[in-house]
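These are my notebook entries on a structure that I looked up.

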Amino acid sequence: MTRKGVVLLVMGVLLAACGGDSPSAATGRPLEACGPLKVPPNTPATVSFRQDIAPLFSRYGCSSVDCHGGAFPQSNYDLSSYASLFSPGAEATRLNTCAVIPGNAQESYLIEKLEGRMTRGDRMPLGKEPLAPQDLQLLRTWVGEGAPDN
């Protein structure tokens with residue numbers, strides 16, 4: 001493991017241990033139910049993961065190796081792929097909730113963190129400008145439509 005990898009791992013563990021989670025998210029789906037929904041084929045969606053959501057995470061630096069991407073994503077939460085988006089990071093695991101609850105943006109821990117609605121911890125992206133309102137709405141719409149892999 002490289003020095004940077006060790007530093008990132010330690011930082012992720014420290015951040016997870018220092019809080020940053022939200023008790024309100026605990027009302028979401030339990031961990032064993034985390035994962036994408038089976039969205040029926042030909043279900044209309046106005047937001048595309050590949051065309052809208054993945055580029056949004058990239059544009060804000062959320063899926064970079066310095067944040068929630070690479071071999072050692074912060075708080076063990078990886079935003080670099082569709083599949084990893086549904087695996088709860090350290091904070092959501094501690095809360096026994098899912099990061100993304102397809103069909104329920106209000107209870108999705110990821111949305112809560114990006115909107116800054118948590119009672120503990122920091123708004124994401126940490127140390128950067130918050131997501132623009134139209135980008136937050138795009139994420140809310142995508143999750144509300146079932147968070148399809150489209």
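Basis of the entries. I worked from a predicted model, in which local features need pLDDT of at least 70 and side-chain atom pairs count only at pLDDT 80 or more, while totals for chains, interfaces and linings use all residues. I number residues from 1 along each chain as its sequence is written, and side-chain values use heavy atoms, with hydrogens and water left out.

Entry on the helix pair. I took helices as DSSP runs (H or I, at least four residues), numbered from the N terminus. Helix 2 (residues 49-59) packs against helix 6 (residues 133-144) at an angle of about 135°, and their axes are 11 Å apart. Helix 2 is therefore oblique to helix 6; angles under 35 degrees count as roughly parallel, over 145 as roughly antiparallel, 65 to 115 as roughly perpendicular and the rest as oblique. The axes are lines fitted to C-alpha atoms over the stretch in contact, with angles from 0 to 180 degrees between N-to-C directions. I listed the contact (heavy atoms within 4.5 Å): helix 2 gives Phe 49, Asp 52, Ile 53, Leu 56, Phe 57 and Arg 59, and helix 6 gives Asp 135, Leu 138, Leu 139 and Trp 142. By class, I noted seven nonpolar, no polar and three charged residues in this contact. Phe, Ile, Leu and Trp are among those that count as nonpolar, and Asp and Arg among the charged.

Entry on the cysteines. I counted one disulfide, taking a pair of cysteine sulfur atoms within 2.5 Å as the criterion. Cys 34 and Cys 98 form it, with their sulfur atoms 2.1 Å apart. The link is left-handed, with -105° about the S-S bond. Cys 34 lies in the loop between helix 1 (3-17) and helix 2, and Cys 98 in the loop between helix 4 (90-95) and helix 5 (109-115), so the pair ties together parts 64 residues apart in sequence. Cys 98 counts as buried because its relative accessibility is 0%; buried means under 20% relative accessible area, exposed over 50%, partly exposed in between (1.4 Å probe, protein chains only). Cys 62 is in no disulfide, and the nearest cysteine sulfur, that of Cys 67, is 5.7 Å away.

Entry on Ser 48. I located Ser 48 in the loop between helix 1 and helix 2. Ser 48 counts as buried, at 12% relative accessibility. Ser 48 and Trp 142 are 94 residues apart in sequence, yet 7.3 Å apart in space, C-alpha to C-alpha.

Key. Helix = DSSP H or I, 4+ residues; strand = E, 2+ residues; numbered from the N terminus.
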